[in-house]
Amino acid sequence: MTTVMARSEQSLAAFAAEAENWLATAVPAQWRDNRGKLTGEESDALRREWDRILWEGGYSGLSIPREHGGGGFGLAEEVVFHVLAGKVQAPDGLTRVGKTLVAPLLIKSGSPAQREKYLPPMMRGDEVWCQGFSEPGAGSDLANIQTRARRAEGGYLLTGQKVWTSFAQHAQRCLVLAQTRPDEGRYRNLSMFLVDMSQPGITISDIKQISGAVHFAEVRFDDVFVADEDRVGDDGEGWQIAMRVLADERGGVESATRYVEIRSDLDLLLATVGDRPELAGALRDLDVRAELLRWQLAKVVDREEDADAAFQRSASVLKVMWSELWQDVTRLGLDTAPHEHREHWRYQYLEARAVSIYSGTNEIQRNILSERILGLPR
Ligand SMILES: Cc1cc2nc3c(=O)[nH]c(=O)nc-3n(C[C@H](O)[C@H](O)[C@H](O)COP(=O)(O)OP(=O)(O)OC[C@H]3O[C@@H](n4cnc5c(N)ncnc54)[C@H](O)[C@@H]3O)c2cc1C
């Protein structure tokens, strides 16, 4: 791995200049030149390759401390990097769940053995992670999950059904929330596990999305063994841990990766229909909203270390901002784009239908803002 200087040794501007130089030649030509024309398999292979390229270039897990295999930078550098990556239309790797959700969790709440075992292959791009929280009867009402982990010699046996599990088809590992204490009340009956997806008893069934892509799957666990040392935190502490993971999911790094795709779509729109006077107002509005998103991202960067209301508010505001902006960009693209880009916009428009649902629906984000932040009555 090429070593990039730690944050304290380098200004943000110097970091950005170095990253921009690196990005100028790092994106695989096959990805850059065939955007919108690659098959799902080709695209996945290039996304995997991108994870390795990031590692070799020293840009994997930028805000993860160096002792855990990351870049040792702050969130500011991570966000700047994603913005620059968006400009050159870099791919989104397959290791997003691992790097943005599992790594911060293991650093805050994992054991030294868990960090040593799981972080290096994640940073190298060798191991893909997925997140097994949602179930058919438990999405917004996550506390209602029914997957059970019952006590067995040296650990637990996991049985249940997860759904909408992104990256499950590619994953070697899964972060699973399960009930371990059926006699305890809501919020005290759950635990969090690190599950090896290569074990017998795991069935993964693809789910095709409206866009035609297969980004997620249903995952069934049938008496799958999880060792005690693969539980994160205490037995019964799963709810608190899940809330920390969800805050990271809505926070700065995740939103920055979304900004990348939104900016790239908006630039495509400006390049193709930017000279049409009847669209000038709508395009200006979208451009201003993209700038506001970038500005809001910079604000979150300053607050991500606080587990208080300011961070929660920023995370929920960000989630609503980027998801609604992306939906509006793709809607305008679909309505106005020239014939040769229709397939791209059809796909992006349909993909963007999901963004107000995942990471907690926008209705739930507005509930959080109104109840927990503004203190309005339920
Ligand atoms: C593309 C995609 C990828 C996903 N990836 C993952 C993943 O990797 N791992 C994972 O665990 N999950 C994943 N999910 C699942 C996602 O987190 C859930 O779909 C989401 O939390 C909503 O849950 P639900 O689908 O059960 O809908 P429900 O909770 O049944 O909600 C249905 C509707 O009711 C509304 N609603 C529900 N409760 C309230 C309320 N209290 N107040 C106001 N409105 C309410 C919702 O906003 C929604 O519009 C993914 C989903 C999508 C679409």
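Student: How far apart are Arg47 and Asp44 in helix 3?

Tutor: This is a predicted model, and in it Arg47 and Asp44 are separated by about one helical turn, because they are three residues apart in helix 3, which spans residues 40–57. Their side chains meet in a salt bridge, with an N to O distance of 3.7 Å.

Student: And how many salt bridges does the structure hold?

Tutor: The structure holds 26 salt bridges, and the pair of Arg47 and Asp44 is one of them.

Student: Switching to domains, what does the assignment give?

Tutor: The domain assignment of the protein gives domain 1 as residues 7–93, domain 2 as 129–237 and domain 3 as 251–373. Between domain 1 and domain 3, the contact takes eleven residues from domain 1 and 15 residues from domain 3, while the C-alpha centres of these two domains lie 20 Å apart.

Student: What area is buried there, and how many salt bridges are counted across it?

Tutor: About 1,200 Å² is buried between domain 1 and domain 3, with carbon and sulfur atoms giving 72% of that area. The count between the two domains is zero for salt bridges, and it is also zero for residue pairs in polar contact, where both residues must be at pLDDT 80 or more. On the side of domain 1 that touches domain 3, the residues divide into five nonpolar, four polar and two charged.

Student: OK, aromatics now: how many pairs are there?

Tutor: The count comes to eleven aromatic pairs. Among them is the edge-to-face pair of Tyr118 and Trp129, at 5.4 Å centre to centre with 85 degrees between the planes.

Student: Where do those two sit in the chain?

Tutor: Tyr118 is in helix 6 (residues 112–124) and Trp129 is in strand 1 (residues 129–132), eleven residues apart.

Notes: Residues are numbered from 1 along each chain as its sequence is written. This is a predicted model: local features need pLDDT of at least 70, side-chain atom pairs count only at pLDDT 80 or more; totals for chains, interfaces and linings use all residues. Side-chain values use heavy atoms; hydrogens and water are left out. Domain bounds come from an automatic or database domain assignment. Contact means heavy atoms within 4.5 Å. Buried area is the accessible area (1.4 Å probe) that two parts lose on being put together, summed over both. A salt bridge is a side-chain nitrogen of Lys or Arg within 4 Å of a carboxyl oxygen of Asp or Glu. A polar contact is a pair of N or O atoms within 3.5 Å; within protein, one must be able to donate a hydrogen and the other to accept it, and residues adjacent in sequence count only if both atoms are side-chain atoms. Ala, Val, Leu, Ile, Met, Phe, Trp, Tyr, Cys and Pro count as nonpolar, Asp, Glu, Lys and Arg as charged, and the others, Gly among them, as polar. Rings of Phe, Tyr and Trp (its six-membered ring) pair if their centres lie within 6.5 Å; planes under 30 degrees apart count as stacked, over 60 as edge-to-face and the rest as tilted. Helices (H or I, at least four residues) and strands (E, at least two) are DSSP runs, numbered from the N terminus.
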